[in-house]
Amino acid sequence: MKTLKLGVAGLGHVGCGLVDLVQKQEKLRLPGKVEVAGVTARNRSRNRPVSIESYAWYDDASKLAASDDIDVFVELIGGSDGPAKVAVETAIKSGKSVITANKALIAMHGQELAELAREHGVDLLFEAAVAGGVPIVRVLRDSLAGVDIQRVTGILNGTCNFLLSEMLSTRRPYDVVLAEAQRLGYAEADPTLDVSGMDAAHKAAILAAIAFSADLDFSQVSVRGVDEIELLDLDLADRLGLRIKLIAEGKVTPDGVVCRVEPLAMPIGHPLARISGSLNTIRVEGDPLGAVTLTGPGAGPGPTASAVMGDVAKLFNPIARPAFGRAEHHGVRKFVRAEPNERSAFFLRVRLDDRAGALAELTEALAESGVSVDKLLQDSADENGAAPIAIVTHICSRSDINEASDRVRSLETNVGHPQIVAIEEATD
Ligand code: HSE
């Protein structure tokens, strides 16, 4: 029976989850035996949920990457640059296949690393980099190679989805729920990567590059996170029949591939609106398939480690397939910026001083920008005398709603920043 020797760099939640799986591999369906031949992390003596005493310790990830004692380098350090990137390059140049869960690295440098892997005839696998335990990378790359994909949408950050659904269902504030997500091991070491939308954007860009055979260019991805979404927005949206979710989208347009992440308000019956907690979901639409949706645990040590182990299983028969599934005969497709003038209905939330005529001024400001009100909900003023108002607009352009928001901001009665969230159309 073949044995595959792993060098594991990074012993955080996922690294320990992987070591745990290696230690109980008789329960798995691997094609051979897996050994941990060496480990490295920032701190050797930290308390960990698994024992690493029997493994060779390396102080330097690149030394482990180059070691003759390993067959495969598993990078679980994180970060788009620095030691993770150097170690991955070292492993590839030493003729070793690499498995990584590092979405920032792949989103920022995946194109050049894929090329380096091709030159050296090794595999670069990153199933765990996108959507944790949901096997979307290989499904897009291999299983759906026979589909002309038009659009990929989904929920790709468990922390943000957990935050938005828990805040609303438990009426707990943002900070408390974020701390819980960190404790459960969903959040990144630096949770601003989660709440700023950057983590989801890294994943969306990777999926878009595979789905559309496009040159991954992260600089073209538009990103907005959940850090400005308040419980008030979630509550008012709920009362208007909408759920606010952080949605990632990649699609083909005549100009190129558009990729973005932003909060969207979905009708409560929309399939994406029903995905709660740390679940991730990805919907792939294309010809002649129609649509397929994968949903599952998108974060957490166990699910993510299982995705790494799936890649390990693949390397018992390495084939050095192009990392993004992109063959040389595929045409060049570019990432382009999202069109600023797209049309949609919008959820607009403002706070106004509660005095006579304030509402009239608000609707007049909207009308001056050509924005028409479909639904309107006003609550009683808060302890500071500011009344929250939520509006669902009729379909208008983003530039119209932005202009309307600027007008609202300049009203004397306006308090704070208006919140604008595009509304996703209902789907079957
Ligand atoms: N921090 C990520 C999330 C998990 O919350 O989805 C790892 O990708």
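Predicted model: local features only at pLDDT ≥ 70, side-chain atom pairs only at ≥ 80, totals over all residues.
1. A polar contact is a pair of N or O atoms within 3.5 Å. With that cut-off in hand, the backbone of G158 can be examined: one of its polar atoms is 2.6 Å from an oxygen atom of the ligand.

2. Which residues are around the ligand? They are K103, N157, G158, T159, Y186, A187, E188, D194, D199, K203, G298 and A299. Sorted by class, this shell holds five charged, four polar and three nonpolar residues. Two helices, α6 (158-170) and α9 (198-211), each contribute at least two residues to the shell around the ligand.

3. Side chains also reach the ligand. In the side chain of K103, an N or O atom is 2.6 Å from a ligand oxygen. T159 likewise places a polar side-chain atom 2.6 Å from an oxygen atom of the ligand. As for the cover over the ligand, the protein hides 93% of the 260 Å² of accessible area that the ligand has on its own.

4. Is T159 buried or exposed? Its relative accessible area is 1%, and the residue therefore counts as buried, the limit being under 20%. The side chain of T159 reaches two backbone atoms: the oxygen of Y186 at 3.4 Å and the nitrogen of A187 at 3.4 Å. When neighbours within four places in sequence are left aside, T159 is in contact with L178, A181, Y186, A187 and D194. Of these residues, Y186, A187 and D194 are also listed around the ligand.

5. G158 is likewise found in helix α6. With a relative accessible area of 3%, G158 is buried. Not counting residues up to four places away in sequence, G158 touches G277, S278 and N280.

6. R29 is exposed, with a relative accessible area of 82%. Along the chain, R29 and G310 are 281 residues apart, yet their C-alpha atoms are separated by 9.6 Å.

7. The next point concerns an open sheet. Five strands form this sheet in the order β2-β1-β3-β4-β5, with parallel pairing. Why is one side of β2 and of β5 (124-125) left without a neighbour in the sheet? Both strands stand at the edges and each has a single partner strand, so one side of each lacks a neighbour there.

8. The pairings inside the sheet can be followed strand by strand. Strand β1 (residues 3-9) runs parallel to β3 and is joined to β3 by four bridges; V8 stands opposite V74 in β3. Strand β4 (residues 97-100) also pairs with β3 in the parallel sense, over four bridges, and V72 is opposite S97 in β4. Between β4 and β5 there are two bridges, again in a parallel arrangement, with L124 in β5 as the bridge partner of V98.

9. In β3 (residues 72-75), the side chains divide between two directions. V72 and V74 point one way, F73 and E75 point the other way, and all are buried. A reader inspecting the structure may note that E75 is included among these buried residues.

10. The last point is strand β16 (residues 386-393). How many of its eight residues are buried? Eight of the eight are, so the strand is largely enclosed by the rest of the structure. A386, P388, A390 and V392 point one way from β16, whereas A387, I389, I391 and T393 point the other way. Strand β14 (residues 343-353) pairs with β16 in the antiparallel sense over seven bridges, and D353 stands opposite A386. Strand β15 (residues 373-378) is joined to β16 by five bridges, also antiparallel, with Q378 opposite I389.

Methods:
Residues numbered from 1 in each chain as written. Heavy atoms only, no water. Near = heavy atom within 4 Å. Polar contact = N/O pair within 3.5 Å; in protein donor to acceptor, adjacent residues only side chain to side chain. Areas by Shrake-Rupley, 256 points an atom, 1.4 Å probe, with all protein chains shown as cover. Nonpolar A, V, L, I, M, F, W, Y, C, P; charged D, E, K, R; others polar. Buried < 20%, exposed > 50% of the residue type's maximum accessible area, 1.4 Å probe, protein only. Contact = heavy atoms within 4.5 Å. Pairing = 2+ DSSP bridges.
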